Amino acid sequence: MGSADHRLRSYKYAHRLGRAVMHLGRRRHGADDITKGHRLNLIMWNYNKEFRASPEFRARSFAREGSPPDAECISYTHDRDYEAVSGVQRPAPHLASSAWCPPPPAEYDGFVGLEGRWAGHPRRRPAP
């Protein structure tokens with residue numbers, strides 16, 4: 001997360017019966033709608049207060065995005081440019097105020113989106 005291409009599709013996994021997918025969650029990920037059968041999800045969140053208070057975590061940064069994201073890689077809960085990229089209204093409009101991605105310094109050229117969580121913050125964007 002935070003790389004210049006983190007909202008661009010990099011891989012699509014083909015599920016097989018009896019198999020599971022495990023990942024750290026740091027990569028942008030999602031799930032397609034299912035067309036038959038059913039799906040079970042087991043989600044385990046780990047939270048480490050010491051790590052989140054560490055200088056390494058606090059100093060993490062986002063690279064400036066090189067282009068708009070792929071439409072299949074956007075999230076109405078996280079992305080400030082959801083409407084501009086998808087062409088549709090956010091299904092849960094109340095989440096717009098907490099949308100955070102990308103942070104202002106990481107916006108791609110031509111970015112169009114809401115302020116979201118960054119409302120009232122000074123726009124800090126590095127020089128190209």
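**Close-up 1. Cys73 and the cysteine pair.** Cys73 is buried, at a relative accessible area of 11% (buried: under 20% relative accessible area; exposed: over 50%; partly exposed: in between; 1.4 Å probe, protein chains only). The model is predicted: local features require pLDDT of at least 70 and side-chain atom pairs count only at pLDDT 80 or more, whereas totals for chains, interfaces and linings use all residues. Residues are numbered from 1 along each chain as its sequence is written, and side-chain values rest on heavy atoms, with hydrogens and water left out. From the sulfur of Cys73, the closest cysteine sulfur, that of Cys101, lies 11 Å away, which is too far for a bond.

Close-up 2. The structure holds zero disulfides (pairs of cysteine sulfur atoms within 2.5 Å).

Close-up 3. Glu107 counts as buried because its relative accessibility is 5%. Its side chain meets that of Arg80 in a polar contact of 2.9 Å (a pair of N or O atoms within 3.5 Å; within protein, one must be able to donate a hydrogen and the other to accept it, and residues adjacent in sequence count only if both atoms are side-chain atoms).

**Close-up 4. Confidence in helices H2 and H3.** Among the elements of the protein, mean pLDDT is lowest in helix H2 (residues 55-58), at 83, and highest in H3, at 96 (pLDDT: the predictor's confidence in each residue, from 0 to 100). The protein averages 86, and 95% of the residues score at least 70.

Notes: Helices (H or I, at least four residues) and strands (E, at least two) are DSSP runs, numbered from the N terminus.
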